[in-house]
Amino acid sequence: KGLDFLPLVLDPHAFAAMDDKERRSTLFKLTGCSAKPDYILGELKAAGCDMKLAEQVIALARSGFGAMAEEAKEKAKAARAVWQHTTGENYGSEKAEGWEVDIPAGKDVAQEDIDQAVAAEQKLQGQIEDGIAYRAKLVSNIEHAASYSERGNELRTKAELVNRANGKLEATTADLEKQVARRNTLNAQLGTAPACACPHCGEAVLIVNGELRDGNSSLSTKERAEAKKELETVVNSIDMLERTKTNDKKALADAELAARQLAEHEANAPAAIKDGEIQRTDEKLNECRQALAQAQARRNALQERFDLVNGALKINMTAAQKHAEIKAWKLIEEELSPAGIPSRLLAKAISPVNTAFEVMARITEWPLPKIEDDLSLTYGGRAYGLCSESAQWRWDAMIALVIA
């Protein structure tokens with residue numbers, strides 16, 4: 001290891017000729033000072049840094065303090081961007097201290113208040129739905145009552161025809177019986193009715209309309225022609241009366257059916273509707289709708305206030321957190337900058353060298369050489385570059401002895 005420093009001993013002026021970076025590296029190596037991660041973390045902790053944030057940059061320890069300080073700077077920059085986005089303002093360390101959104105004065109609103117408002121709104125909505133259903137039922141009942149009345153009138157008109165239909169059927173039946181009897185008489189007169197033997201005397205006889213006639217009686221030609229013509233008319237009347245009787249039976253059956261249906265219909269009369277019931281229902285619905293609009297407006301106002309306050313609290317919390325984070329990163333950046341841990345570490349490396357210089361100055365009784373905190377060189381308090389060649393030679397000689 002000592003061979004690494006041999007060139008500095010053989011060429012004493014080499015140390016003074018170094019730039020600050022080379023000089024710092026040489027002193028660290030010479031005095032055994034090292035910036036290991038554990039040492040850096042210990043220094044950051046001692047400085048009051050946020051160790052969770054410190055852990056995020058210590059991975060760059062091998063790249064040096066500059067890389068770690070730059071990373072901390074970028075982290076602070078990112079946190080500052082979040083603060084500005086959250087607040088809508090430009091970041092300033094003094095402005096951010098205690099910064100809060102101005103919340104307009106108003107009553108505090110809890111989630112419970114909103115829940116109660118929503119419940120009241122839902123209750124009114126339910127009442128409106130029930131009212132609409134009830135109104136629809138009323139309208140249906142009115143329509144049913146109208147159709148009920150119309151159907152009752154229709155059935156009543158048909159049922160009232162029972163007596164008339166029955167009388168007509170009886171009249172038709174009587175007429176038909178008369179025509180049938182006349183047909184039988186004419187048939188007997190024309191000799192078309194079947195004759196039979198009298199059980200008393202054995203002569204041919206006819207039974208016409210319940211009367212016993214001589215089966216051998218006959219009509220004149222004229223009478224016979226008139227009888228045939230009348231028979232034709234009677235037969236046509238019988239056909240017509242039979243059709244009429246069929247229709248009369250059907251009309252009577254329809255009237256009797258209508259009477260039975262009317263009785264059932266009247267037994268199922270619809271419930272009576274109070275006068276003005278629909279109007280009162282509409283008025284109640286309008287009241288509920290107005291109350292619902294007011295409830296919705298109240299709920300919206302509560303929700304707006306709740307969101308405003310909670311949004312402001314969230315913004316304030318985020319702003320405070322990011323401001324604290326920015327300060328924490330700034331402290332870490334300062335500690336990792338040349339004036340922070342590197343400076344203290346350098347002072348630790350310079351101290352034994354300056355102590356050795358003091359010993360050399362006492363022995364030689366020469367002016368005191370020194371390496372300043374900023375790595376500049378002085379001799380007897382004068383900058384190395386302003387010293388004479390002889391003074392610089394003595395400084396170089398003593399650093400060579402110290403290194404040796």
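Visitor: What should I know before I start looking?
Guide: It's a predicted model, where local features need pLDDT of at least 70 and side-chain atom pairs count only at pLDDT 80 or more, while totals for chains, interfaces and linings use all residues. Residues are numbered from 1 along each chain as its sequence is written, and side-chain values use heavy atoms, with hydrogens and water left out.

Visitor: Okay, how many salt bridges does the structure hold?
Guide: There are 13 salt bridges. The term means a side-chain nitrogen of Lys or Arg within 4 Å of a carboxyl oxygen of Asp or Glu. In general, side chains of opposite charge can pair when their charged atoms come close.

Visitor: Which residue does aspartate 248 form a salt bridge with?
Guide: Lysine 168, with the closest N and O atoms 2.9 Å apart. That pair links distant parts of the chain, 80 residues apart: aspartate 248 is in helix α10 (residues 221-267) and lysine 168 in helix α9 (residues 162-189). Helices here are DSSP runs of H or I with at least four residues, strands are runs of E with at least two, and both are numbered from the N terminus.

Visitor: Is aspartate 248 buried or exposed?
Guide: Aspartate 248 counts as buried, at 6% relative accessibility. Lysine 168 is partly exposed at 42%. Buried means under 20% relative accessible area, exposed means over 50%, and partly exposed is in between, using a 1.4 Å probe and protein chains only.

Visitor: Where do lysine 158 and glutamate 154 lie?
Guide: Both are in helix α8 (residues 111-159), four residues apart, or about one turn of the helix. Lysine 158 is partly exposed at 41%, and glutamate 154 is partly exposed at 37%.

Visitor: And what about glutamate 325 and lysine 322?
Guide: They form a salt bridge too, with the closest N and O atoms 3.1 Å apart. Both sit in helix α11 (residues 277-336), three residues apart, about one turn of the helix. Glutamate 325 counts as partly exposed, at 23%.

Visitor: Which residues are linked in a network of salt bridges?
Guide: Glu43, Glu335 and Arg344 are linked that way.

Visitor: Changing topic: what's up with phi of glutamate 365?
Guide: Its phi is near 60°, a positive value in a residue other than glycine. Glutamate 365 is in the loop between α12 (341-364) and β4 (369-371), and is exposed, with a relative accessible area of 72%.

Visitor: How about leucine 375, buried or exposed?
Guide: Buried, at 0% relative accessibility. Leucine 375 lies in the loop between β4 and β5 (377-379), and its phi is near 75°, again a positive value in a residue other than glycine.

Visitor: Where is aspartate 373?
Guide: Aspartate 373 is in the loop between β4 and β5. This residue is exposed, with a relative accessible area of 60%.

Visitor: Last one: what is proline 369 in contact with?
Guide: Leaving aside neighbours within four places in sequence, proline 369 touches Phe357, Ala361, Thr378, Tyr379, Trp395 and Met398. Contact means heavy atoms within 4.5 Å. Proline 369 is found in strand β4 and counts as buried at 1% relative accessibility. The C-alpha atoms of proline 369 and alanine 356, 13 residues apart along the chain, are separated by 9.8 Å.
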